[in-house]
Amino acid sequence: YWKDWTGKAITEGLAAACEKHPLITTSTNTIVHDLLLSNPNDSSSSVTGVSCFDHSSNKSYDLHSSLGVVLSTGGLNNIYEHSTNPTGYNALGTSVALGSRVNAEIKDVEYVQFHPTALKLPDSARYLLTEALRGEGAILRDKTGRPFAKDYHPSGELAPRDVVARAVFSEDSKGGAFLDI
């Protein structure tokens, strides 16, 4: 935990460590658009590198590795209709898509961080309403003002994020979900 900026602190620390590591190649202003396979026609083929596009030079190039390729993603917000990430935030979920295209094992996606409560205003981007509000006693209410979170989980507002998100979605689709702070 770092002042409610844990993700940023982890990302910056990891990026700095990667920049210093002699066996890790980093490229800025670059996207990976394909994975290179040892034998593209063989289903047991292994990933041997990546095919990239450098936006600065407008050129494509390949990077090969005999040690393997690690795919990681900064988030998946652009695969969802609604997100609390800022407009233009580059969290496309491309690592998961790239892996899926070559039949890689996709695992631990349930650990992707998301926030189940957001301010929803007409014709506006969603704005994150921190979990600390629920932790300090804010109550989720339906369109009639009735608390609903304990209908979905005994821990109510403090249930796991996925449970809270499904509860909010369900109540919102019935006419509204509100956070009473």
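In the charge analysis, Lys and Arg count as positive and Asp and Glu as negative, while His and the chain ends are not counted. Each charge is placed at NZ of Lys, CZ of Arg, CG of Asp or CD of Glu. On this basis the protein chain carries 16 positive and 21 negative charges, and their mean positions are 4 Å apart. The structure is a predicted model, in which local features need pLDDT of at least 70 and side-chain atom pairs count only at pLDDT 80 or more, whereas totals for chains, interfaces and linings use all residues. Residues are numbered from 1 along each chain as its sequence is written, and side-chain values use heavy atoms, with hydrogens and water left out.

The protein chain contains 4 helices and 7 strands, taken as DSSP runs (helices: H or I, at least four residues; strands: E, at least two) and numbered from the N terminus. Their order along the sequence is α-β-β-β-α-β-β-α-β-α-β. Along the principal axes, the C-alpha atoms fill a box of roughly 60 × 35 × 30 Å.

Of the 181 residues, 19% are buried; here buried means under 20% relative accessible area, exposed over 50%, and partly exposed in between (1.4 Å probe, protein chains only). The accessible surface of the protein chain is about 13,100 Å², and carbon and sulfur atoms contribute 54% of this area. Areas were computed by the Shrake-Rupley method with a 1.4 Å probe; for residues, only the protein chains shown count as cover. Among contacts with a separation of 6 or more, 37% involve residues 24 or more positions apart, a contact being heavy atoms within 4.5 Å.

Side chains of opposite charge can pair when their charged atoms come close. With a salt bridge defined as a side-chain nitrogen of Lys or Arg within 4 Å of a carboxyl oxygen of Asp or Glu, the count is 10 salt bridges. One of them joins Lys8 and Glu12, with the closest N and O atoms 3.8 Å apart. Both residues belong to helix α1 (residues 6–20) and are 4 residues apart, about one turn of the helix. Lys8 is partly exposed at 44% relative accessible area, as is Glu12 at 48%.

Another salt bridge pairs Arg101 with Asp34 at an N to O distance of 2.4 Å. Because Arg101 lies in helix α2 (residues 94–101) and Asp34 in strand β1 (residues 30–37), this pair ties together parts that are 67 residues apart in sequence. Arg101 is exposed at 53%, whereas Asp34 is partly exposed at 32%.

A salt bridge is also formed by Asp180 and Arg141 (2.7 Å, N to O). This pair links distant parts of the chain, with Asp180 in strand β7 (residues 177–180) and Arg141 in strand β6 (residues 139–142), 39 residues apart. Asp180 has a relative accessible area of 38% and Arg141 one of 24%.

Most residues other than glycine have a negative phi. Asn29, in the loop between α1 and β1, has a positive phi near 55°. Asp123 also has a positive phi, of about 55°. Asp123 is placed in the loop between β4 (118–119) and β5 (127–128) and is exposed, with a relative accessible area of 85%.
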